[in-house]
Amino acid sequence: MTLLEVKDLAVQFDTAEGVVRAVRGVDFTVEAGRTLGIVGESGSGKSVTSLAVMGLHRGAEVTGSVRFQGTELIGAPEETVRQLRGRRMAMVFQDALTSLHPYFTIGDQIAEAHQTHFGTGRKAALARAVEVLGDVGIPEPARRAGEYPHQFSGGMRQRAMIALALSCEPDLIIADEPTTALDVTVQAQVLELLMKIQQDRGLGIIMITHDLGVIARVADEVLVMYGGSAAEQAPAETLFSTPRHPYTRGLLDSLPRLDAADGDPLLAIPGSPPSLLAPPAGCAFHPRCGLYAAAPEAVRAACTGERPPLRLVAEDHRTACLLDSPSEGRITHQEVTA
Amino acid sequence: MTAPLLTVQDLGMTFPGANGAFRRHAGVRAVDGVSFDVRPGETLGLVGESGCGKSTTGRMLVRLLDPTAGRVGFHGRDITRIGQRELRPLRSKLQMIFQDPFASLNPRQTVQQIISAPLRAQGAAPKEIAAEVRDLIRLVGLAPEHLERYPHQFSGGQAQRIGIARALATRPELVVADEPVSALDVSIQAQIVGLMERLQRELGVAYVFIAHDLAVVRHISHRVAVMYLGRIVEIGDKREVYESPAHPYTKALLSAVPLPDPLAERRRERIVLLGDPPSPANPPSGCTFHPRCPKAQQICRTEAPLLRITSAGTARQAACHFPEA
């Protein structure tokens, strides 16, 4: 069952330095019980995408379509979105310490969400808070519910955030770098927890991260973003076994791997991610692209002309590159100075 | 075997506790009994989770912090307690690269001023400095025209290159790099790791590379030390530590790192540790890892294991009563 259907989503902000086009036309769907991984570097638009889906994009101009369980959210009255947000779709943020209120106990904060959406009494809501804290593996939940965020360790706080998200039994959870601030042994616990909850309740999850390892562990489908657009979209296995976009391939080749043979060189992508204020013309990746650098002049013109559209290259596999071919091996990326 | 460049023996750091009117806080033992050598031109990786004491150790190596126990020897000479006057000539041989390139570069100085500062501090002639700085900026992959700019005009990766140029200005023999790539985007990390590797080949500089990212450490290091709660729990050649870890913590840590390969991920045996790393202010008794260790026995709760060679024919040491290998 399709939970979320996003079509041609675009988000832009007016800033003192000009218009920032943070997201420029992204499409994706999330099915119940499945995980969509959105991966990208800073400024790729991955977090803004999730905020726009949740209707948390203050002051930004959002266009396109976001349909959640059949309800169109773009342009919908604030009240409609408010009723869904936290209830049918919930968010888990990276930094639990700033996302939780320091003056209220963990139990109070979870209970508040439940009271707001279900109109339950305070007592019942607090009981529910203790129940979900137990569900996410917090020991002695009844006692811990009475504690404040600073009394929790980093891993426990992130569990509490997940409990808060789960308290109203949502159908979709958007997790934005939920494990980035955590140590790797604690990250493993939190990812395990999210996957178990998904199995038990058939939740749809959007996992936003810069970590391709996390994507490989949890995602069923993957959206790779670069400069505000989708560079590549594919089922996780396909993406990692036969990446097509030169950015995806470059990213995988530049990653040091625990399971790599010693002495495998890292092939870095030169240059830096583009500025969203003044993105490069055409394909946002072309100034760093090895295929572009090696291409004949006539072909290059296409890369700098229009933004390449996503096109289907295999079943469920889309890539936004004009030069891509299913070739094996590594691309040597070279910076092209204009 | 060449003589070690750096010899660290029983290094310890206890941060003093505060004595209030009603409560007395004991000190926090951030680093406890840490010993290792670094040979010329090699990279020793120092890995561990937050609070394990890896950064504190790094700072003590270059005397940004004065250790409360143990000694640091540089070329056989004890530098732990020498005064600033004696330390100054040594500073040129012992440098540091920091995690946040922007926080560690003065925003009001030009790149020229930043990179030349260590040379000026060492009393080099202005003419020499100008030529040297131009060489350095090229060495780290930037151009001389960048010298007149200010830090905010650079991206994170470029700023880190400037930090590296500054660290290398005095031709150090050892550079302590504390999480030098963890603030950078993935595609930029490989650039900086590659640069550091090239500079090591060209200049013969040794690194102590401190990081929480086990994959990066595996890539750049020759030897690796794994720290947990202020102590080294395993140290040895990279291959031994990564391919047949002896300490259950090393094993769990390695198995917790997600691999960028969904098929391998599904097949993998994963050891999920319970709980969080404990606070160094209140460490568990005996082996500090025992509350999270899947193999803990009675002896682990009472007796702290010593670092020792666990399998014949290797130099790898682990601090465990029941090592894996």
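Mentor: Let us begin with contact, since much else rests on that term: two residues are in contact if their C-beta atoms, placed from the backbone, lie within 7 Å. Helices and strands are DSSP runs numbered from the N terminus, a helix (H or I) having at least four residues and a strand (E) at least two. The model is predicted, so local features need pLDDT of at least 70 and side-chain atom pairs count only at pLDDT 80 or more, while totals for chains, interfaces and linings use all residues. Residues are numbered from 1 along each chain as its sequence is written, and chains are lettered from A and ligands numbered from 1 in the order in which they are written.

Trainee: Is H9(B) mostly covered or mostly exposed?

Mentor: A residue is called buried if 20 or more other C-beta atoms lie within 10 Å of its own, exposed if 12 or fewer, and partly exposed in between, with C-beta atoms placed from the backbone. By that count eight of the nine residues of H9(B) are buried, among them B:Tyr249, B:Leu253 and B:Leu254. The buried residues of this helix pack against helix H8 (184-201) of chain A, and, within chain B, against H7, strand S9 (223-228), strand S10 (231-237) and helix H8 (238-243).

Trainee: What does the secondary structure of chain A come to, and why is this chain as compact as a globular protein of its length?

Mentor: Chain A has 13 helices and 12 strands. Its radius of gyration (taken over C-alpha atoms) is 21 Å, close to the 20 Å that the globule rule gives for 338 residues, so chain A is as compact as a globular protein of that length; the rule is 2.2 Å times the number of residues to the power 0.38. Along its principal axes the C-alpha trace of chain A spans about 70 × 50 × 40 Å, and 51% of its 338 residues count as buried. Of the contacts in chain A with a separation of 6 or more, 67% link residues 24 or more positions apart.

Trainee: How should I read the sheet in chain A, and which are its edge strands?

Mentor: Strands of a sheet pair through backbone hydrogen bonds, either parallel or antiparallel. Here two strands pair if DSSP finds at least two bridges between them. In chain A, four strands in the order S2-S1-S4-S5 make an open sheet with antiparallel pairing, and its edge strands, strand S2 (18-31) and strand S5 (71-72), each pair on one side only. S1(A) is joined to S2(A) by 11 bridges, with A:Val6 having A:Phe28 as its bridge partner in S2(A), and a hairpin through two residues connects these strands. Strand S1 (residues 2-15) of chain A also runs antiparallel to strand S4 (residues 61-68) of chain A, over seven bridges, and A:Lys7 is partnered there by A:Ser65.

Trainee: Is strand S10 of chain A buried or exposed, and which residue stands opposite A:Tyr226?

Mentor: Six of the seven residues of strand S10 (residues 229-235) of chain A are buried, so this strand is largely enclosed by the rest of the structure. Six bridges join it in the antiparallel sense to strand S9 (residues 221-226) of chain A, and A:Tyr226 faces A:Ser229 in S10(A). Two residues lie between the strands of this hairpin, where A:Gly227 takes a positive phi near 55 degrees. S10(A) also pairs antiparallel with strand S12 (residues 317-319) of chain A over two bridges, and A:Glu232 stands opposite A:Thr319 in that strand.
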